[in-house]
Amino acid sequence: MKDAFGAPQSLLVLGGTSEIALATARRLTALRTRRVWLAGRPSPALDAAAVELRDRGADVRTVAFDALDPGAHEEVLGKVFAEGDIDVVLLAFGIAGNQARDEEEPLAAVRVAQTNYTGAVSAGLVCAGALQAQGHGSLVVLSSVAGERARRADFIYGSSKAGLDTFAQGLGDALQGTGVQVLVVRPGAVRTRALAGQPEQPLSTTPEAVAGAIVTGLRRRSETVWVPGSLRVVMSALRHAPRPLFRRLPV
């Protein structure tokens with residue numbers, strides 16, 4: 001449950017090495033979140049993330065979780081919820097893929113879709129059911145502005161995020177009145193370590209800015225947040241631009 005200051009006391013991160021997720025966990029632990037689960041593939045990076053959050057005063061546990069193994073999601077995540085209520089679930093896993101390669105290698109494109117959409121649907125439904133059973137909690141889903149309209153540059157990734165976004169919106173509607181909140185987060189290009197040295201894109205953002213928007217959205221019980229906020233207006237216009245014009249735009 002949330003404490004007297006309105007901050008969640010427990011957090012489950014699906015995608016425990018995500019830079020956005022870890023920036024969010026740092027903010028929440030500073031606001032009195034004390035119990036954190038980091039779910040992801042076992043790796044030195046996952047262990048290092050756990051150590052960092054422990055150094056910040058959190059009780060951190062790691063759990064082996066693979067988005068591409070939906071058959072194990074119910075068992076793996078069920079064990080986490082069996083240890084005690086979870087106030088916030090942050091669904092933060094995903095892969096960008098490589099558009100040029102993925103067009104030439106359909107199985108690589110399928111992996112993007114299975115990770116970003118199929119795996120998220122499975123894990124999202126398992127967590128939503130557990131949150132509903134406990135009668136409270138928030139599910140935060142990291143979507144992307146890339147899902148708002150197909151672009152030549154990343155339509156495989158964008159289509160997977162479009163599916164995820166639609167799923168999360170519908171899940172939020174289905175959970176109305178249950179005490180469970182679904183927050184859809186739509187950032188622009190996020191300047192992570194993986195993009196270091198690449199030209200900065202217009203209206204890009206940082207993991208820390210996305211984390212701040214998530215914390216604010218949780219406090220306000222928002223259904224959708226855009227990061228930066230100006231993207232909402234920009235995408236409203238781009239969404240309705242005629243396709244011949246849209247193809248010529250530098251987006």
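**Arg186 and its surroundings in a predicted model**

Trainee: Which residues is Arg186 in contact with, leaving aside its neighbours within four places in sequence?

Mentor: In this predicted model, Arg186 is in contact with Ser143, Ser144, Val145, Glu148, Asp165, Gln169, Thr224, Val225, Trp226, Val227 and Leu231.

Trainee: Is Arg186 buried or exposed?

Mentor: Arg186 has a relative accessible area of 8%. Buried means under 20%, so Arg186 counts as buried.

Trainee: And which strand does Arg186 lie in?

Mentor: Arg186 belongs to strand S6, which covers residues 180-187.

Trainee: Turning to the whole chain, how many helices and strands does the protein chain have?

Mentor: There are nine helices and seven strands in the protein chain.

Trainee: Why is the protein chain described as being as compact as a globular protein of its length?

Mentor: Its radius of gyration is 18 Å, and the globule rule gives 18 Å for 251 residues, so the chain is as compact as a globular protein of that length. The C-alpha trace spans about 55 × 35 × 35 Å along its principal axes.

Trainee: What share of the residues is buried?

Mentor: Buried residues account for 49% of the 251 residues.

Trainee: What about contacts between residues 24 or more positions apart?

Mentor: Such pairs supply 72% of the contacts with a separation of 6 or more.

Notes:
Residues are numbered from 1 along each chain as its sequence is written. This is a predicted model: local features need pLDDT of at least 70, side-chain atom pairs count only at pLDDT 80 or more; totals for chains, interfaces and linings use all residues. Side-chain values use heavy atoms; hydrogens and water are left out. Helices (H or I, at least four residues) and strands (E, at least two) are DSSP runs, numbered from the N terminus. The radius of gyration is taken over C-alpha atoms; the globule rule is 2.2 Å times the number of residues to the power 0.38. Buried means under 20% relative accessible area, exposed over 50%, partly exposed in between (1.4 Å probe, protein chains only). Contact means heavy atoms within 4.5 Å.
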